[in-house]
Amino acid sequence: MQRCHWCNLANPLYISYHDQEWGVPNLQDDYLFEMLILESFQAGLSWETVLNKRAAFRQAYDQFDVAKVAQYGEGKIQELLTNEKIIRHQAKIRASIQNAQVFQSIQVAYGSFYTYLCQFTQGKRRVELGRTTSPLSAAISKDLKQKGMSFVGPTIIYSYLQACGIIYSHERGCFLYRTEI
């Protein structure tokens, strides 16, 4: 069975992610928050590196409970910085807490993070191939940065939108390839 070129066929976790999760719409705020944090940790790294540490991130980050993450203080930051099972990048860890706080403020203002995203997408999914950024990801990135988030550049947000199923990008030749969704 042929898959997208980036899927490491030697990694069962990656195959499962490609086949069952990537590009599948999951627009629940708990998932949207988890993926936002994980994608922000990807900056400068491969998604496979982050994916391989996902279970450890879930444990370290209280199952990505946004209310808990938003309240992390210096003690928790130091705990995360010493956790060898996750990516121990101080700026990304601090950003994840700030991003959780902004995520919560967006939820309050819009009712949900997905509703916030809909102001950019009009609630529609799109098929795009061969891109790493777009006007959509640039607009969302700019707005999130203005709201106080970091590690949310246009490329990270593009990957995020693909992961959450807002942008569908399975390649030609992949058994999941579609021209319409």
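Reply: Gladly; let us begin with handedness. A crossing is left-handed if the near helix is turned anticlockwise from the far one by less than a right angle, and right-handed if clockwise. Helices here (H or I, at least four residues) and strands (E, at least two) are DSSP runs, numbered from the N terminus. With that in hand, helix 8 passes helix 9 in a right-handed crossing. A word on the source: this is a predicted model, in which local features need pLDDT of at least 70, side-chain atom pairs count only at pLDDT 80 or more, and totals for chains, interfaces and linings use all residues. Residues are numbered from 1 along each chain as its sequence is written, and side-chain values use heavy atoms, with hydrogens and water left out.

Me: At what angle do helix 8 and helix 9 pack, and which residues make the contact?

Reply: Two packed helices are described by the angle between their axes and the distance between the axes. Axes are lines fitted to C-alpha atoms, for helices over the stretch in contact, and angles run from 0 to 180 degrees between N-to-C directions. For helix 8 and helix 9 the angle is about 130 degrees, and the axes are 10 Å apart. Angles under 35 degrees count as roughly parallel, over 145 as roughly antiparallel, 65 to 115 as roughly perpendicular and the rest as oblique; helix 8 and helix 9 are therefore oblique to each other. Contact means heavy atoms within 4.5 Å. On the helix 8 side it involves Phe 113, Tyr 116, Leu 117, Gln 119, Phe 120 and Thr 121, and on the helix 9 side Leu 136, Ala 139, Ile 140, Asp 143, Leu 144 and Lys 147. Ala, Val, Leu, Ile, Met, Phe, Trp, Tyr, Cys and Pro count as nonpolar, Asp, Glu, Lys and Arg as charged, and the others, Gly among them, as polar. By that scheme the contact has eight nonpolar, two polar and two charged residues.

Me: Which residues of helix 8 are buried, and what follows the helix?

Reply: Buried means under 20% relative accessible area, exposed over 50%, and partly exposed in between (1.4 Å probe, protein chains only). In helix 8 the buried residues are Phe 113, Tyr 116, Leu 117, Cys 118, Phe 120 and Thr 121. They pack against helix 2, helix 7 (90-110), strand 1, helix 9 and helix 10. After helix 8 comes Gln 122, with a positive phi near 55 degrees. Gln 122 sits in the loop between helix 8 and strand 1 (126-127), and its 55% relative accessibility makes it exposed.

Me: Where else does a residue other than glycine have positive phi?

Reply: Look at Asp 62, with phi near 50 degrees. Asp 62 lies in the loop between helix 4 (54-60) and helix 5, and at 28% relative accessibility it counts as partly exposed.

Me: Why is helix 10 described as largely enclosed?

Reply: Nine of the 11 residues of helix 10 (residues 154-164) are buried, so the rest of the structure largely encloses it. Its buried residues pack against helix 1 (12-20), helix 2 (29-42), helix 8 (113-121), helix 9 (135-147) and strand 2 (167-168). Gly 165, with a positive phi near 90 degrees, follows helix 10.

Me: How do helix 2 and helix 10 cross?

Reply: Their axes come within 9 Å and cross at roughly 140 degrees, which makes helix 2 oblique to helix 10. The crossing of helix 2 and helix 10 is right-handed. Contact residues include Leu 32, Met 35 and Leu 36 of helix 2, and Ile 157, Tyr 160 and Ala 163 of helix 10. By class, this contact of helix 2 with helix 10 has nine nonpolar, three polar and one charged residues.

Me: Which residues have the most contacts inside the largest nonpolar core?

Reply: In soluble globular proteins, nonpolar side chains tend to be buried together. A nonpolar core is a set of buried Ala, Val, Leu, Ile, Met, Phe, Trp, Tyr and Cys residues joined through side-chain atoms within 4.5 Å. The largest one here has 55 residues, and Met 35, Tyr 61, Phe 113, Leu 144, Met 149 and Tyr 160 have the most contacts inside it. Helix 2 gives the most to this core, with eight residues. Not counting residues up to four places away in sequence, Met 35 touches Tyr 17, Glu 21, Trp 47, Arg 54, Tyr 160, Ala 163 and Cys 164.

Me: Is Glu 34 buried or exposed?

Reply: Glu 34, in helix 2, is buried, with a relative accessible area of 8%. Leaving aside neighbours within four places in sequence, Glu 34 is in contact with Arg 54, Arg 58 and Phe 64.
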